[in-house]
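Hi,

Here is the structure I said I would pass on. Have a look at it first, and then read my notes below.

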Amino acid sequence: MIDLHTHSTASDGKLAPAGLVREAARVGIEVLALTDHDTLSGLAEAAEEASGLGLEFIRGVEISAEFSPGTLHMLGYFVDPADAELEQALSWLRGGRDDRNRLILERLAELGCPLDPGEVAALAGGESVGRPHIARAMINHGYVSSFQEAFDRYLGKGAAAYVDRAKMTPERAVAQILRAGGLPVLAHPQTLALERDAMERLVESLASLGLAGLEAYYYSHSEEETAFFLSLARKLGLAVTAGSDFHGPGTIDSSLGVGQGNMNVPRSIADALVRRHDQSLQNQPLR
Ligand code: AMP
Ligand code: ZN
Ligand code: FE
Ligand code: FE
């Protein structure tokens, strides 16, 4: 088994980076990527744990980009954690999260659900703080009885305490990842909420900018959606990846390596991505 899309406490996952890697090894994952939202801060710990366990580890990140009508997340694989420009861009995104979180807490207080920012930060633990952490704090205070209720009533797009945040354009996300020596891969393309023609045009235009792959296998994709993304990737010469978007036990209903049981993919998927990265390094001009 492989899993190329997971989260840790560096963003909104429940397991620490090392704990995530141990759990992956325990369930038989051979190649794992950690792809926290807008941060690289979990990668060193995860890489070290993986090398001790003989598990192949791929550095990753998941960058939120501006998009409508749906959601556009760009995965970046093999990015250089020492790339100052990428780190600066991610730090700007995290600043946008902090600004937004402050506004969300103000609105929640007006709605009769006061929360202490320090409590949310402590619940998060890492440097990339998100709405899931606010949702957990709301449950702890008894303001809502479930994670889903927190999003439906307060935190989801269009709900009572929803606030947008600063994001980079998809084009810039691709460029930043390429610049940091990484491979940009479009995450869960179904969440773009585009018709198939518009989807093809968007993916084609991103491919012309250097997009390297599509996350065809994703825990919430139907068989038919997976088949469509596989054929689109083949048509455009893109790699495909597979991700459970695991956030820890008991979060979203998705398990490491298998998603909802629909994600059993061969290791050759990860090997092809590694080869593609090796080739991209060979073709890179000296800078
Ligand atoms: P953030 O990074 O703060 O924008 O939060 C995004 C995360 O919130 C996603 O990865 C989901 O886990 C969760 N989320 C966003 N919208 C919803 C929703 N409508 N229902 C449940 N969870 C959601
Ligand atoms: Zn997440
Ligand atoms: Fe995502
Ligand atoms: Fe994710």
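**Metal sites and a pocket**

Let's start with the iron ion (ligand 4): H5 (NE2), H7 (NE2), E62 (OE) and D245 (OD) coordinate it at 2.1 to 2.3 Å. A donor here is an N, O or S atom within 2.8 Å of the metal (3.2 Å for Na, K and Ca), and since water is not among the atoms, sites may look incomplete. Two quick notes on the source: this is a predicted model, where local features need pLDDT of at least 70 and side-chain atom pairs count only at pLDDT 80 or more, while totals for chains, interfaces and linings use all residues. Residues are numbered from 1 along each chain as its sequence is written, chains are lettered from A and ligands numbered from 1 in the order in which they are written, and side-chain values use heavy atoms, with hydrogens and water left out.

Back to the iron ion (ligand 4): the angles among its four donor atoms run from 80 to 165 degrees, and the site is irregular. (Four donors are tetrahedral if all angles lie between 85 and 135 degrees; four are square planar and six octahedral if opposite donors are over 155 degrees apart and all others between 65 and 115; anything else is irregular.) Along the sequence, its donor residues are spaced H-x1-H-x54-E-x182-D. H5 sits in the loop between β1 (2–3) and α1 (17–27) and E62 in strand β3, so this pair ties together parts 57 residues apart in sequence. (Helices, H or I with at least four residues, and strands, E with at least two, are DSSP runs numbered from the N terminus.) H5 and E62 are both buried, meaning under 20% relative accessible area, where exposed is over 50% and partly exposed is in between (1.4 Å probe, protein chains only).

Which residue bridges the iron ion (ligand 3) and the iron ion (ligand 4)? That is E62, and the two ions lie 3.4 Å apart. The iron ion (ligand 3) has E62 (OE), H73 (ND1) and H188 (NE2) as protein donors, 2.0 to 2.2 Å from it. H73, in strand β4, and H188, in the loop between β5 (183–186) and α8 (196–209), link distant parts of the chain, 115 residues apart. H73 is buried at 15% relative accessible area, and H188 is buried too, at 4%.

Next comes the zinc ion (ligand 2), 4.5 Å from the iron ion (ligand 4). D12 (OD), D12 (OD), H37 (NE2) and H247 (NE2) coordinate the zinc ion (ligand 2) at 1.9 to 2.5 Å. Why is the arrangement around the zinc ion (ligand 2) irregular? Because its four donor atoms subtend angles of 53 to 139 degrees. H37 is buried, with a relative accessible area of 9%, and so is H247, at 13%.

Now the largest pocket, with a volume of about 1200 Å³. (A pocket is an open set of points on a 1 Å grid over the protein atoms alone, where a 1.4 Å probe fits, with protein on both sides within 12 Å along at least five of seven lines; lining residues have an atom within 4 Å of a point. The volume is the space filled by probe spheres set on the points, which are joined across faces, edges and corners.) The pocket is lined by 38 residues, and T71, H73, R131, P132 and F151 lie nearest its centre. α6 gives the most to the lining, with four residues.

Cheers
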